[in-house]
Amino acid sequence: MNIRPAPTLHTAHPSVADDPRWPLIVTRAKSADGQFWYSVSTTGIYCRPSCPSRTANPKNVALHATLESARATGFRPCRRCNPDGPSLECENAALIAKACRLIEESEEEPSLEELAATVGRSPSYFHRVFKTSIGLTPKAYAAGHRAKKVREGLETGTSVTEAIYDAGFNSSGRFYEKSTGMLGMTPTQYRAGGANEEIKFAVGQTTLGAILVASSTKGAASILLGDDPDELVRDLQDRFPKARLIGMDREYEALIARVCGFVENPGIGLDLPLNVRGTAFQRRVWQVLQEIPVGECVSYSEIARRIGAPSATRAVAGACTANNIAVAIPCHRVVRNDGALSGYAWGVDRKRALLDREAPQTA
């Protein structure tokens, strides 16, 4: 009698591709760095999750909860992602911080070549990393820092000339060419806290509550929303403590009627000259916000990508929060990556109502 051998039973091993950590490797998630490591048998290396190398076949990959476990494979550390040391992102953050300190402490603006040499990188690489991390080029960052020093000098009572040279401007002529864009007014007016600057304003009422529109000679400087008209006026007074506020102007009330009409019916559009006052980074964000069409929403990360600073999502959110020209600079059209509504300076309920009114109408 022939006796057949019993069949060999094979135990199915779970695939790495089914592990919840595998998508983090595929997407090169930087947030997963330090949480686990992985090794690749065909190349004999181990890596961090954000490694930029080509994604390996999951059949050849093993996951490790600790760096010691990854080292125990006997494989070598990847030269591209340096799993044994700080991540490339951390290294870049450190060199950017060093470059920012150099810019801030230098009496004159350092050149791109000088900055790159200080941090030990090529000018082109340094320029790209700096802009990705900060959202501004090194030159724009230096200009913004000089503008900040000018504002601080003027606010502490320093003369205009002293403030200009203390901030690193080589000549007053170069400063005055850019002064209005930096300060939103002349240096003398800024030093006086906006004294003698004429701000016209009017308060109206919409179905979303009270609205205040205020303008200088250069355009709308504030559009504020709220529940209490008197509180909006006090807010305006706090923003322009020494300006000459002019209310109840019949001609100006025609302007607020246009803004109220837009709030109620966004389809009519709103084209206003604006007197935008903010940092260079904020102005870049606000410019992109104005390019978002009615009826569309964009994520904070997408705004960061559009300004060429994909890692500056938090800074973008900060710029949206700092915006004080509601609806004309439509920060209400910026949402989270999952589409959920986030904070809004004038209340999430108003943000939701504005978006509902702007949403495309279906038959």
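1. Start with the hairpin: β5 and β6 form one, with two residues between the strands. Keep in mind that this is a predicted model. β5 (residues 198–206) and β6 (residues 209–216) run antiparallel and are joined by seven bridges. To find one of the pairings, look at Gly204, whose bridge partner in β6 is Ile211.

2. Now follow β5 to another partner. Strand β8 (residues 244–246) runs parallel to β5, and three bridges join them. Here Ile199 stands opposite Leu245. In general, strands in a sheet pair through backbone hydrogen bonds, in either the parallel or the antiparallel sense.

3. Elsewhere you'll find an open sheet of four strands, in the order β3-β1-β2-β4, with mixed pairing. β3 (61–64) and β4 (76–77) sit at the edges with a single partner strand each, so one side of each has no neighbour in the sheet. The partner of β4 is β2 (residues 45–47): the two pair in the parallel sense over two bridges, and Ile45 stands opposite Arg76.

4. What about the nonpolar cores? The largest has 55 residues, and Ile223, Val285, Leu289, Ile303 and Val316 touch the most other members. Elements giving two or more residues to this core include β5, β6, β7 (219–226) and α12 (280–290). The top contributor is α11, with seven residues.

5. Take a closer look at Ile303. Setting aside neighbours within four places in sequence, Ile303 is in contact with Val285, Val288, Leu289, Ile292, Val298, Val316 and Val334.

6. Lying apart from the largest one, it has 15 residues, among them Val16, Phe36, Tyr38 and Cys78.

Notes
Residues numbered from 1 in each chain as written. Predicted model: local features only at pLDDT ≥ 70, side-chain atom pairs only at ≥ 80, totals over all residues. Heavy atoms only, no water. Pairing = 2+ DSSP bridges. Core = buried A, V, L, I, M, F, W, Y, C linked by side-chain atoms within 4.5 Å. Buried < 20%, exposed > 50% of the residue type's maximum accessible area, 1.4 Å probe, protein only. Contact = heavy atoms within 4.5 Å.
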